Amino acid sequence: MKTIVFIKEVPETPDGVKISDSGQLAVDGDRAFLTDPIDPYSVETALKIREEKGGEVIVVSAGSTRAEKFLKEALAMGADEAVLLSGAEIEGGDPTATARALAAAVRKSGDFDLLVVGDRAADDNSAVVGPVLGQLLDIPVLTYVSEVREVDADTIRVVRTLEKGREVVESSLPAVVSVVKGIHEPRYPSLLGIRKASKREVPKWTAADLGEDPARLGAAGSPTRMRSLAPPPAPSGVEMIEGEVEEAAKTLVAKIIDRKVL
Amino acid sequence: MGRFKGIDYYQVEELFSEEEILVRDSVRAFVTDRIMPDIERHFDECTLPLELVPELGRLGLFGANLPEEYGCAGVSNVAYGLIMQELERGDSGIRSFVSVQGGLAMTGIFLFGSDEQKKRWLPAMAEGRKIGCFGLTEPDHGSDPGSMVTRAEKTSAGWLLNGAKMWITNGSLADVSIVWAKVDGRIRGFLVEKGTKGFTPVQQKGKYSLRASDTSELILEDCEIPAKNLLPLSDGLVSPLKCLTAARYGIAWGAIGAAMDCFDRSLAYAKERVQFNRPIGSFQLVQEKLVYMATEITKGQLLAHRLGRLKDEGKMTFTQVSMAKRNNVQIALECARLARDLLGANGITSEYHVIRHMLNLETVKTYEGTHDIHTLILGTDLTGLSSFH
Ligand SMILES: Cc1cc2nc3c(=O)[nH]c(=O)nc-3n(C[C@H](O)[C@H](O)[C@H](O)COP(=O)(O)OP(=O)(O)OC[C@H]3O[C@@H](n4cnc5c(N)ncnc54)[C@H](O)[C@@H]3O)c2cc1C
């Protein structure tokens, strides 16, 4: 069983990120980046499958070289290989352009059984990369997976957690699975794992290595563009009710009735 | 409060290797997720979170700087220090558990044990399957352990131990206690296994400090152990003192973790708490407290880092360890007291954590050589004139 897991760095909110007056993202130094909080769940899912079925786990990230640290964290958790897709042509892609780079990396790495992504990224919340990957590689996509029930050589059975209930779905392999937090409690990288991982070189693949047309990758190849960014509106409508407790309680009840809260 | 990011005013981070940073971040996440949520309850109920022991073992935190050959992680001494820092950011009691297990008990077996003893105990202790303690202090002999009265006599089958140890961290939990006792006036180390006849650990009650930690008295009454339980290479007071040097090294780092937590909470509070229509952080007297904390923490970090590199290079002296333990614990305690003050009434509550650090650090100031004993050690070293006799 060969599983490829996709992870990515995200800016830490709220401390590390500021939005400039011109509506651009201003990130405060390298330390303001984290691996996406969903990533350890994706990696853990793949490691659990490997524990049961054998095989290998490869972790891939597209983006800046900062992500190398997060790939090493995945190696320290127990992944077998890691690859960083980087270079000016790949960076800054929207989810579609990023999925193209990831799909190219999948093709380059040969046969595979399963691709694992997080259900959505903590920064753009787009939930697009998994489905686009499936489309580009022409394989089934199972989103919002909260449990992997069974995996064998050519099928997978999972539980999808949806707003209105749970769905048990069986699919042929290879397939893309997008996982939700809580699928498994992720393990912490052990010290021995860290020692081994930090000695490893993470191979870096550029657009040329991927054999992809740079015009379809990165910022240049992105069909969507972020025009502006604004913080969520400050909470409003908070009203402090002053006065003695009895009076204040009466006022509060009147307001609740008035606004038809109950 | 946001994710704990530590305080790094002097880009000390750049002095650490990638491996050291990964180790720190892994332990930092573990402390945030697994220790912090429940630590106040454990402190309140005077219990050690025993359920964490196997997890700490799986991470590789016990005896982490000892060699891989014995199932340990073999990380650098700086990485080991960062582990202690992060654990004590959580609680001094948890850090003490790990320090005693690794720095004292495993180190004692590693330095003075036979091959057989090392093979039997170290891998199991590294995994957290077996717990160790270190019995040096006695009811009447604390700062002056050389005057201990616990004694061991040779018998036909082994050794007969008599005496009592007090204030022993992990004493009631330990599968193996390293007990220091005199054989014809000379101090040697012995392994006493749980359940040995004549050996009774009694948990000490009524502590207002280090509550999330087991502290016990060990009573040895005609306690007979097999001959093979002597630590063959232990010889004289210098043997337990070598273990203490290893553990004090970790304390020098650990204390900074507690101080960092106090600073982090103080800074957040100073920015949020409004009095006289202004955040209290805008008042110069409050800023002075924050500046003191940040400065002392930064100095402590640099002291610990340098000490770690000296240890990695095999050049560290025990007097240098005394300087770092003495200084860093003192400033951590000062930071905790200032944080307690800065947080006003909230500062005395469990919810804000700083008073727990403050109470804990009173123990840390006393154990492993009191602050004043380290002053004497350094005074003796600097002048060449003994301050003890
Ligand atoms: C929670 C906790 C856990 C502990 N865990 C362990 C453990 O696991 N193993 C273990 O062996 N011990 C342990 N200890 C014991 C600790 O190491 C001793 O408490 C410490 O060495 C001090 O000894 P004492 O308490 O007897 O104080 P004393 O030695 O009686 O000292 C009392 C005071 O006198 C001062 N003093 C003593 N001699 C001099 C001098 N010559 N000049 C000036 N001042 C002096 C001291 O600085 C101190 O202020 C622990 C203690 C605590 C509180």
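## A buried glutamate

In this predicted model, Glu44(A) has a relative accessible area of 1% and is therefore buried, the cut-off being under 20%. Glu44(A) belongs to helix H1 of chain A, which spans residues 39-53. Leaving aside residues up to four places away in sequence, Glu44(A) touches Met77(A), His184(A), Glu185(A), Pro186(A) and Arg187(A).

## Packing of H3 and H4 in chain A

Helix H3 (residues 95-108) and helix H4 (residues 129-137) of chain A have axes that come within 9 Å and cross at roughly 50°. This angle makes H3(A) oblique to H4(A), and the crossing of the two helices is right-handed.

On the H3(A) side, the contact is made by Pro95(A), Thr96(A), Ala99(A), Arg100(A), Leu102(A), Ala103(A), Val106(A) and Arg107(A). H4(A) contributes Val129(A), Val132(A), Leu133(A), Leu136(A) and Leu137(A). The residues of this contact comprise 10 nonpolar, one polar and two charged.

## Nonpolar cores

In soluble globular proteins, nonpolar side chains tend to be buried together. The largest nonpolar core in the model contains 140 residues. The members that touch the most others are Leu191(A), Val75(B), Ile83(B), Leu87(B), Trp180(B) and Leu342(B). Helix H6 of chain B (residues 238-272) supplies the largest share of this core, with 16 residues.

How values were computed
Residues are numbered from 1 along each chain as its sequence is written. Chains are lettered from A and ligands numbered from 1 in the order in which they are written. This is a predicted model: local features need pLDDT of at least 70, side-chain atom pairs count only at pLDDT 80 or more; totals for chains, interfaces and linings use all residues. Side-chain values use heavy atoms; hydrogens and water are left out. A nonpolar core is a set of buried Ala, Val, Leu, Ile, Met, Phe, Trp, Tyr and Cys residues joined through side-chain atoms within 4.5 Å. Buried means under 20% relative accessible area, exposed over 50%, partly exposed in between (1.4 Å probe, protein chains only). Helices (H or I, at least four residues) and strands (E, at least two) are DSSP runs, numbered from the N terminus. Axes are lines fitted to C-alpha atoms, for helices over the stretch in contact, and angles run from 0 to 180 degrees between N-to-C directions. Angles under 35 degrees count as roughly parallel, over 145 as roughly antiparallel, 65 to 115 as roughly perpendicular and the rest as oblique. A crossing is left-handed if the near helix is turned anticlockwise from the far one by less than a right angle, and right-handed if clockwise. Contact means heavy atoms within 4.5 Å. Ala, Val, Leu, Ile, Met, Phe, Trp, Tyr, Cys and Pro count as nonpolar, Asp, Glu, Lys and Arg as charged, and the others, Gly among them, as polar.
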